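Thanks for coming. I will go through one structure today, starting with its pockets and then moving to the sheet and the helices.

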Amino acid sequence: SCNEVELIAPVIREALDQAGLDSVQDVGFTCSGSCDYLQGAAFAFVSGLDALGAVPPIKESHVEMDGAWALYEAWLKIQAGEVSSALLYGFSKSSQGDLPSVLSLQLDPYYLQPLWPDSVSLAALQARAMLDKGDVTEADMARVVADSRQRAKTNAYAQLAGDVAVETLLDEPEFVAPLRRHDCCPVSDGASAVIICTVEKAKEWGRPYALIRGIDHRIETHNIGARDLTRSVSTEIAAKKAGACEGPIDIAEICAPFSHQHILLQRAMGLDSNTTVNPSGGVLAGNPMMAAGLSRIGEVAMRIIRGEARRGLAHATSGPCLQQNMVVVLEGA
């Protein structure tokens, strides 16, 4: 079993190597994303900095969010001209506790958190609302899982992969009705890292790169009963503001922790059959909390860099029932 530092260090080293950099000192800013609740201590994320080294000092920041929001903070710094490059990483050891219950601590502290509704039960409420409205069927949800497992066969980092029939999935018992266990993402430990920079810096480094053409994130009310759970209005707005509809999307990576959310998000972003969605298998094949959204951005960027797509979309989410959503549009250089 690895600790947080042992999870972080290898992925940071790999990101630096891919960019042709020697150390963290070669980038202007570093930002991380994690959740102190998972470690059960205030400022627990500070221990992860041991993977970077304490000396010499660096410009560093942290967000109590998925690493995708660390990327957004760094993107803003680059846009403001404060720095020309940044290293972002997200990490978690979700297996240390009962993750669905731990996430209850992120709910509204007055009305929801005292009831201790776990993340799976809240997602089940959303799935039931979609089923009752006719937006999705249980067969649709099982098909999402089957596609995820099949595509994850080519992903060396996938936790769940293989060929499974929709009928076999539907024969499994309910876990938290109407969700079955396969409808829920697995509990995963892991980390991911991404380096972003200006075009001028990328040319200076002499490495291939993908361009961030648009990025936007939106939040909805924390009051579960005050929003329509069968829609993701924040995702719809973020996709529009990021420019998703301004050209064809060849590839998309959606951060959907539950099978019904995959369908909801795909519709919210207007992705059709011409777009290859979740070629990595998505988070249903492996969900390292606080790193899954950043990984979606990295997945799309690397496929564009390898020439597998010209224009792609990456999505990240945080909070219960898709409360907060980010959309990133990337293109080839």
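The second largest pocket has 39 lining residues, and L103, S119, C185, P257 and F258 are the ones nearest its centre. This is a predicted model, where local features need pLDDT of at least 70, side-chain atom pairs count only at pLDDT 80 or more, and totals for chains, interfaces and linings use all residues. Residues are numbered from 1 along each chain as its sequence is written, and side-chain values use heavy atoms, with hydrogens and water left out.

On terms: the grid is 1 Å over the protein atoms alone; a pocket is an open set of points with protein on both sides within 12 Å along at least five of seven lines, a cavity is a set where a 1.4 Å probe fits but cannot get out, and lining residues have an atom within 4 Å of a point. The space in this pocket is about 730 Å³, a volume being the space filled by probe spheres set on the points, with points joined across faces, edges and corners.

Which elements each supply at least two residues of this lining? They are helix 4 (99-102), helix 5 (119-133), helix 11 and strand 10 (311-318); helices (H or I, at least four residues) and strands (E, at least two) are DSSP runs numbered from the N terminus. Helix 5 gives the largest share, four residues. By class, the lining has 24 nonpolar, 10 polar and five charged residues, where Ala, Val, Leu, Ile, Met, Phe, Trp, Tyr, Cys and Pro count as nonpolar, Asp, Glu, Lys and Arg as charged, and the others, Gly among them, as polar.

There is one cavity of 30 Å³ or more. Its lining is Y37, L38, K93, S94, Q96, G97, L99 and V102, with helix 2 (36-39) and helix 4 each giving two or more residues.

Four strands form an open, mixed sheet in the order 2-1-3-6; two strands pair if DSSP finds at least two bridges between them. Strand 2 (60-63) and strand 6 (189-197) are at the edges with a single partner strand each, so one side of each has no neighbour in the sheet. Strand 3 (residues 85-93) and strand 6 run antiparallel, joined by nine bridges; S85 has C197 as its bridge partner in strand 6.

Last, helix packing. Helix 3 (residues 67-79) and helix 11 (residues 292-305) pack at about 65°, with axes 5 Å apart. Axes are lines fitted to C-alpha atoms, for helices over the stretch in contact, and angles run from 0 to 180 degrees between N-to-C directions. G67, A68 and L71 of helix 3 meet G293, L294 and I297 of helix 11, contact meaning heavy atoms within 4.5 Å.
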